[in-house]
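I opened this notebook to keep track of what I looked up, entry by entry. Each entry stays with one part of the picture before I move on.

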Amino acid sequence: MKDPVAVESVAPSGGGSVPGLLPRVLLAAVPVLSLGVLGAVPSLVIAWRRGTRADWVTALAFGFAMVGWWFQAALTPVDTEGWQAGLDFLLLAVSTAGAAVHCLTVKQQAAESR
């Protein structure tokens, strides 16, 4: 029979850490400097480091927003008005500002949930 302590010590903890303040600021600059083109990069890095289900769902959501913005930018005419312009702005805001804010605030959210 196996020792339960040895089995528990082998199990993954699932509680990785997020980068420090300076790396998070630099990582948050990626979607801002790329104007949302690389909006999913910060959330993917955080999900890779921590590995929780919520982090992966957030990375997937930012990935969908980023790809949606790519298609919206490619398929929408330059002189767009109405709902298409609103959707373009929403996708751009989520992919740029939303990803940067998420990257900067994720450590505080993780500390509050513990």
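Is Ser95 buried or exposed, and what is its relative accessible area? I looked this up and found that Ser95 counts as buried because its relative accessible area is 0%, where buried means under 20% relative accessible area, exposed over 50%, and partly exposed in between, with a 1.4 Å probe and protein chains only.

Before going on, I noted that this is a predicted model, in which local features need pLDDT of at least 70 and side-chain atom pairs count only at pLDDT 80 or more, while totals for chains, interfaces and linings use all residues. I also noted that residues are numbered from 1 along each chain as its sequence is written, and that side-chain values use heavy atoms, with hydrogens and water left out.

Entry on the whole chain. I found 5 helices and 0 strands in the protein chain, helices (H or I, at least four residues) and strands (E, at least two) being DSSP runs numbered from the N terminus. Of the 114 residues in the protein chain, 30% are buried. I then looked at contacts, meaning heavy atoms within 4.5 Å, and among those between residues at least 6 apart in sequence, 65% join residues at least 24 apart.

Entry on helix 5. I placed Ser95 in helix 5, and, leaving aside neighbours within four places in sequence, I found Ser95 in contact with Pro31, Gly36, Gly39 and Met66. Thr96 also lies in helix 5, which spans residues 83–113, and Thr96 counts as buried because its relative accessibility is 12%. With neighbours within four places in sequence again left aside, Thr96 is in contact with Pro31, Val32, Leu35 and Gly36. I also noted that the C-alpha atoms of Thr96 and Met66 are separated by 8.7 Å, the two residues being 30 apart along the chain.

Entry on the loop between helix 2 and helix 3. I found Leu35 in this loop, with a positive phi of about 55° although Leu35 is not a glycine. Leu35 counts as partly exposed because its relative accessibility is 48%. Val37 has its place in the loop between helix 2 and helix 3 as well, and Val37 counts as partly exposed because its relative accessibility is 32%.

Entry on the salt bridge. Searching the whole structure, I found 1 salt bridge, defined as a side-chain nitrogen of Lys or Arg within 4 Å of a carboxyl oxygen of Asp or Glu. Arg50 forms a salt bridge with Asp55, and the closest N and O atoms are 2.8 Å apart. Both Arg50 and Asp55 are buried.
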